[in-house]
Amino acid sequence: MTEIMKAIMERRAVKRFDPAHRIADADLRAILDAGMHAPTAFNIQHWRFCVVRDPAQRARIAEVAWNQPQITECSALIVLCADFKAWKGGAARYWAGTPQAMYDKYAAMIPGFYEGHEHLQRDEGVRSCGMAAYAIMLAAAAHGLQSCPMDGFDFAQVGKVINLPEHHEVVMFVAIGKGAASPPPRGPRLAFEDVVVENSFH
Ligand SMILES: Cc1cc2nc3c(=O)[nH]c(=O)nc-3n(C[C@H](O)[C@H](O)[C@H](O)COP(=O)(O)O)c2cc1C
């Protein structure tokens, strides 16, 4: 099995982290940078990562997240947020430096695709954060760390704690650190046939 397959197949959502473990700034940056290399529609990169390392801020978040221990014990708590209006940044922000024809194509397509489609704008931000979250989790594994994706929290309250700007929403957390206990038994995956259909649903 290649290392990437091993990381995918052996990853677990870790429930307890070693609170004494510190993540090096360079490692954290490399992990976040991996998240920023995930794909996004039109390269819009809707994600914004609020990295919470301050213990007081962690405690405030834990309070509105059922006091789940990962929040205070992990080495870095990443609150992934989506900027639903990121598409308004246009080609100038996302395609600068590319050949003119390519730039012009995206400059025309981006507003046409998103303007007036609030639902799509929101979905797109959530999709982007999901892609980034998984890249972050696999990059954490590459650095010998474990992770837990999380959405067991009060979204509005977390937004207040982190001072979420207008047009942004909290999508999920990824807690990363040194796992301190074996995760609980893994839930079974659905049967292949229950998930994969060929050509259409019958
Ligand atoms: C979007 C999302 C939200 C989750 N929220 C939580 C959470 O709040 N707390 C928690 O302990 N685990 C959380 N999990 C972890 C899941 O429980 C876990 O991924 C699932 O049971 C499968 O286990 P595995 O990841 O170890 O294979 C979440 C996972 C995802 C993808």
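Predicted model: local features only at pLDDT ≥ 70, side-chain atom pairs only at ≥ 80, totals over all residues.
How many of the residues of strand S2 are buried? Eight of its eight residues are, so S2 is mostly covered, where buried stands for under 20% relative accessible area, exposed for over 50% and partly exposed for what lies in between (1.4 Å probe, protein chains only). Residues are numbered from 1 along each chain as its sequence is written, and side-chain values use heavy atoms, with hydrogens and water left out.

**View 1. The open sheet has four strands in the order S1-S2-S4-S3, with antiparallel pairing.** Strands (E, at least two residues) and helices (H or I, at least four) are DSSP runs numbered from the N terminus, and two strands pair if DSSP finds at least two bridges between them. Strand S1 (47-52) and strand S3 (146-150) stand at the edges with a single partner strand each, so one side of each is left without a neighbour in the sheet. From one strand to the next, the twist averages 25 degrees. Here axes are lines fitted to C-alpha atoms, for helices over the stretch in contact, and angles run from 0 to 180 degrees between N-to-C directions.

**View 2. Follow the bridges across the sheet, beginning with the six that join S1 and S2 in the antiparallel sense.** Trp 47 has Ala 82 in S2 as its bridge partner. S2 and S4 are joined by eight bridges and run antiparallel; here Leu 77 finds its partner in Ala 175 of S4. Between S3 and strand S4 (residues 168-177) there are five bridges, and Pro 149 is partnered by Val 174 in S4.

**View 3. Two helices pack on the sheet, H3 (residues 55-63) and H7 (residues 118-142).** Contact means heavy atoms within 4.5 Å. H3 touches S1, strand S2 (76-83) and S4, and its direction makes about 65 degrees with that of S2. H7 touches S1, S2, S3 and S4, at about 155 degrees to the direction of S2. On S2 itself, Ala 76, Ile 78, Leu 80 and Ala 82 point one way and Leu 77, Val 79, Cys 81 and Asp 83 the other way, all of them buried.

**View 4. The largest pocket holds about 370 Å³ of space.** On a 1 Å grid over the protein atoms alone, a pocket is an open set of points where a 1.4 Å probe fits, with protein on both sides within 12 Å along at least five of seven lines, and lining residues have an atom within 4 Å of a point. Grid points are joined across faces, edges and corners, and a volume is the space filled by probe spheres set on the points. Of the 16 lining residues, Lys 6, Ala 7, Ala 141, Ala 142 and Leu 145 lie nearest the centre of the largest pocket. Helix H1 (3-10), H7 and S3 each supply at least two residues of this lining, and H1 gives the largest share, five residues.

**View 5. Gln 157 lies in helix H8 (residues 155-161).** Gln 157 has 29% relative accessibility and therefore counts as partly exposed. Gln 157 and Glu 63 are 94 residues apart in sequence, and 9.5 Å separate them in space, C-alpha to C-alpha.
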